[in-house]
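Good morning, everyone. Please look at the screen while I talk you through one chain.

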Amino acid sequence: MRTDAQSFLAALTPAVTDADARERFLADPKAVLAAAGLDLPEWFTVTAREGDAAELIITVPALRDPDLDLSDDVLEGVAGGEVSKAIIDGVDWFRSCS
């Protein structure tokens with residue numbers, strides 16, 4: 001079984017070496033990541049753009065009222081650590097490329 005970091009690399013590597021894979025990744029990065037085994041929640045948005053730098057941009061949503069209940073989807077993702085682990089692994093990978 002692949003780790004999130006391995007799935008991320010499996011999706012990204014062809015996009016930097018093959019024009020068709022790059023086009024697919026730019027058109028629908030979330031689908032390419034899913035096909036490589038990175039399971040992201042439905043509410044998680046992924047965008048890709050061309051550029052010279054390898055960077056990971058994380059948009060932090062507005063502050064929420066701590067007294068409000070979180071949705072089951074959000075609680076499941078937090079409890080499982082899937083999203084946060086994917087982000088941490090992605091950041092570690094980008095650091096290793098420097």
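Let me start with a word we will need. A residue is buried when its relative accessible area is under 20%. Over 50% it is exposed, and in between it is partly exposed. With that in hand, 21% of the 98 residues of this chain count as buried. Keep in mind that this is a predicted model.

Now the layout. The chain has 5 helices and 0 strands. Read from the N terminus, the elements go α-α-α-α-α. What about contacts between residues at least 6 apart in sequence? Of these, 52% join residues at least 24 apart.

Helix α1 covers residues 4–15, and helix α2 covers residues 19–27. How do they pack? Their axes are 6 Å apart, at an angle of about 120 degrees. That angle makes α1 oblique to α2. Which residues make the contact? From α1 they are A11, L12, P14 and A15. From α2 they are A21, R22 and F25. Sort the residues of this contact by type, and you get 6 nonpolar, no polar and 1 charged.

Next, the core. Which residues form the largest nonpolar core? There are 9 of them: F8, A11, L12, A15, F25, L33, A36, L38 and L40. Helix α1 gives the most to this core, with 4 residues.

Let's visit some members. Take A11 first. Set aside residues up to four places away in sequence, and A11 touches F25, V32, L33 and A36. A11 is also part of the contact between α1 and α2.

Now F8. F8 lies in helix α1. Is F8 buried or partly exposed? Its relative accessibility is 16%, so F8 counts as buried. Where does its chain position bring it? F8 and G37 are 29 residues apart in sequence, yet their C-alpha atoms are 8.1 Å apart in space.

On to L38. L38 is found in the loop between α3, residues 29–35, and α4, residues 72–80. L38 and A10 are 28 residues apart along the chain, and their C-alpha atoms are separated by 9.6 Å.

S7 sits in helix α1. The relative accessible area of S7 is 1%, so S7 is buried. What does S7 touch? Leaving out its neighbours within four places in sequence, S7 is in contact with R2, A36, G37 and L38.

V46 and P29 are 17 residues apart in sequence, with their C-alpha atoms 6.3 Å apart.

Last stop, the rings. How many aromatic pairs does the structure hold? The count is 1. The pair is W43 and F44, with ring centres 5.8 Å apart and planes at 65 degrees. Planes over 60 degrees apart count as edge-to-face, so the pair of W43 and F44 is edge-to-face. How accessible are the two residues? W43 has a relative accessible area of 44%, so W43 is partly exposed. F44, at 22% relative accessibility, also counts as partly exposed.

Let me recap. We have 5 helices and 0 strands. Helix α1 is oblique to α2. Thank you.

Terms used:
Residues numbered from 1 in each chain as written. Predicted model: local features only at pLDDT ≥ 70, side-chain atom pairs only at ≥ 80, totals over all residues. Heavy atoms only, no water. Axes fitted to C-alpha atoms, helices over the stretch in contact; angles between N-to-C directions. Helix = DSSP H or I, 4+ residues; strand = E, 2+ residues; numbered from the N terminus. Parallel < 35°, antiparallel > 145°, perpendicular 65-115°, else oblique. Contact = heavy atoms within 4.5 Å. Nonpolar A, V, L, I, M, F, W, Y, C, P; charged D, E, K, R; others polar. Buried < 20%, exposed > 50% of the residue type's maximum accessible area, 1.4 Å probe, protein only. Core = buried A, V, L, I, M, F, W, Y, C linked by side-chain atoms within 4.5 Å. Phe/Tyr/Trp six-rings, centres within 6.5 Å; stacked < 30°, edge-to-face > 60°.
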